[in-house]
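Hi,

Here is the structure I promised to pass on.

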Amino acid sequence: MTEKNYRELDAAYYMPAFSRDIMITRGSGSRVWDADGNEYIDCVAGIAVCSTGHCHPHVVEAIQKQAGELIHCSNLYYIPGQGELAKRLVGITGLGKAFFSNSGAEANEAAIKLALVRTGRKEFVSFIGGFHGRTCSSLACTHKPAIREPFMPLSPPCSYIPYGDLDALSRAVSDTTAAVFVEPIQGESGVIIPPPGFLKAVREVCDDHGALMIADEVQTGMGRTGRWLACEHERVVPDIVTLAKGIASGFPFGAIVAREGLAFGRSEHGSTFAGGPLACATALATLDVISDVLPLVEKKGDLFAGLFSDLAPRHRGLMIGITIGENCGAVQKACAERGVLVNCAADGNLRLVPPLTISEDEIRLAAGTIRDVIADICHV
Ligand SMILES: Cc1ncc(COP(=O)(O)O)c(C=O)c1O
């Protein structure tokens, strides 16, 4: 298919909810190729999804094997890999039980339902700049007015407070709060890292009022920051963790893991596709690969961020944000033209979330290009 074909088909038949340019047709490791055969180092990785790189052989083998045995059967039956995957996620999080979904927003919907049904309370607290998804309830807990307000009224009721503001937090949480929804690092806002002690304070305020702490680790989880969970950096254990993105190498998959005693009862939640055999096999293979590369993630992140030290980068592991400002879009476009995919998150913040498997040579190569582009466009 030529570039003209895919642009025409998209314009004629696909709802115009995205702005996009390139068509990616192939990937291997940290590289992707477009429809015209141009090669890129991928520092977007499907927005922190392709944690094991593109088409990792162990993941591909697991998908192929499972696809040849059983693709789907329904949660009416025990599902191969489901219990084993739940056990591994419980081990990783130190929590009690897992439940699966098909996306990050769906994982957050499940967390909201669990908080509603187990606390009997209706109100939520979340943070300005936070992003929790685009389904109606996850959107209700997402502050950004531009994407939320067109769909009002939404439920559950949620108050939004400044990220990192402990006074506002204590004022907002009360004995009628069902849960506080928090990203350990705000991803869509552009890798915003809260002050040290903030997550611990969220934990304490929740405990004081019998509210649940829900850590949305959809973007920060599964090794992205150099630990399985970003909450581990602060030694904080939430009541519920939500996961997706990097958990299954790009196969649609999400999960909630909740502390012992906090679980859905029979018929309280469900999904046709979630936790199917193919998804579980893919996630299990992904966990194998992440286990192998996790010890190197912090070092690689330090190297990558260190190559931008004069631009005051924010980072934990391979989750890096650099404030560029109004030229961010131009930087993103020029980087792509020179063979590096990067992404502008909110407020002119460049976000670098490459595969966890990226090599140090690829990091140096990508950083060199990004630096050249920033110098050319921003004159710094
Ligand atoms: C922190 C966070 N939560 C939830 C979501 C929603 O995930 P999904 O797009 O898989 O529904 C995202 C997506 O960017 C996210 O970054």
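Below are my notes on the ligand site and on one helix pair.

Keep in mind that this is a predicted model.

**Ligand site**

The shell around the ligand holds 13 residues. The closest are G104, A105, D216, Q219 and K245. Sorted by class, six residues of the shell are polar, four are charged and three are nonpolar. Which helix gives the most to this shell? Helix α5, residues 104-119, does, with three residues.

- G104: a polar backbone atom is 2.8 Å from an oxygen atom of the ligand.
- F131: a polar backbone atom is 3.3 Å from a nitrogen atom of the ligand.
- Q219: an N or O atom of the side chain is 2.7 Å from an oxygen atom of the ligand.

On its own, the ligand has 390 Å² of accessible area. The protein covers 81% of that.

**Helix pair**

Two packed helices are described by the distance between their axes and the angle between them. Here are both values for α10 and α12. Helix α10 spans residues 277-306, and helix α12 spans residues 360-378. Their axes come within 9 Å. The crossing angle is roughly 25°. Angles under 35 degrees count as roughly parallel, so α10 and α12 are roughly parallel to each other. What is the handedness of the α10 and α12 crossing? The crossing is right-handed.

Over to you.

Best wishes

Terms used:
Residues numbered from 1 in each chain as written. Predicted model: local features only at pLDDT ≥ 70, side-chain atom pairs only at ≥ 80, totals over all residues. Heavy atoms only, no water. Near = heavy atom within 4 Å. Polar contact = N/O pair within 3.5 Å; in protein donor to acceptor, adjacent residues only side chain to side chain. Areas by Shrake-Rupley, 256 points an atom, 1.4 Å probe, with all protein chains shown as cover. Helix = DSSP H or I, 4+ residues; strand = E, 2+ residues; numbered from the N terminus. Nonpolar A, V, L, I, M, F, W, Y, C, P; charged D, E, K, R; others polar. Axes fitted to C-alpha atoms, helices over the stretch in contact; angles between N-to-C directions. Parallel < 35°, antiparallel > 145°, perpendicular 65-115°, else oblique. Left-handed = near helix turned anticlockwise from the far one by under 90°.
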